[in-house]
Amino acid sequence: MSGAEYFSDEYAVLDSEGLVHPFPKPLSIRPELGSDGDTAEIDPKVIAAKEASVPARLDYVIFTTYKSEAVWNPVKTTLSAGILALIPHSIGLHARAEFSLQILEKASKNALFFKGDRPDASDFVAILGHSLEKTGALT
């Protein structure tokens, strides 16, 4: 995806202003569905990923579920539905619920939220990249 920057394979680290900070770690590549094997850890530089170096605003949040025959047809969700969907993924929520919800609200206030079934990850990256480059939206 042209112009994309790698922040993290696992976590979105948010500051008190709601900006996302880089948290680079090796990419976790799962084995193909149905095959035996361990998850491979790959340095992002191996696939020429451009690592982010400064915090950024959250523009898009995409919730996907893998379905082998899926066609990417995203549904835009509301801000409140998007924040509710983020809650289960918020590590600090149990220890500091009010603070965590304030940060999620700040981070999400200008973001667009989408959900939908997706094809294989490698196919999906190309589809997503093409959609963003062509239209600036996830259609």
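Strands here are DSSP runs of E with at least two residues, helices are runs of H or I with at least four, and both are numbered from the N terminus. The model is predicted, so local features need pLDDT of at least 70 and side-chain atom pairs count only at pLDDT 80 or more, while totals for chains, interfaces and linings use all residues. Residues are numbered from 1 along each chain as its sequence is written, and side-chain values use heavy atoms, with hydrogens and water left out.

Stay with S7 for a moment. Another bridge partner pair joins Thr 65 to Asp 117 in S7. Strands S5 and S7 pair in the parallel sense, over seven bridges; two strands count as paired if DSSP finds at least two bridges between them. S6 and S7, by contrast, run antiparallel and are joined by three bridges. Put together, the three strands make an open sheet with mixed pairing, in the order S5-S7-S6. Strand S5 (60-66) and strand S6 (75-77) are at the edges with a single partner strand each, so one side of each has no neighbour in the sheet. From one strand to the next, the twist averages 25°. (Axes are lines fitted to C-alpha atoms, for helices over the stretch in contact, and angles run from 0 to 180 degrees between N-to-C directions.)

Now look at Thr 77, which lies in strand S6 and stands opposite Phe 113 in S7. Is Thr 77 buried or exposed? Thr 77 is buried, because its relative accessible area is 19%; buried means under 20%, exposed over 50%, and partly exposed in between, using a 1.4 Å probe and protein chains only. Setting aside neighbours within four places in sequence, Thr 77 is in contact (heavy atoms within 4.5 Å) with Gly 82, Phe 113, Phe 114 and Lys 115.

Next comes helix H2, residues 97-108. Its twelve residues reach 16 Å from first C-alpha to last, close to the 16 Å expected at 1.5 Å a residue, where the expected span is 1.5 Å times one less than the number of residues. Which residues of H2 are buried? They are Ser 100, Ile 103, Leu 104, Ala 107 and Ser 108. These residues lie on the same side of H2 because they cover an arc of only 120° around the axis, the arc being that of the directions from the helix axis to the C-beta atoms. They pack against strand S1 (13-14), helix H1 (79-86) and strand S7 (112-118). Ala 97, also in H2, is partly exposed, with a relative accessible area of 35%.

Not counting residues up to four places away in sequence, Ile 83 touches Leu 104, Glu 105, Ser 108 and Phe 113.

Finally, step back to the whole chain. It has three helices and seven strands, and along the sequence they follow the pattern β-β-β-β-β-β-α-α-β-α. Of its 139 residues, 26% count as buried.
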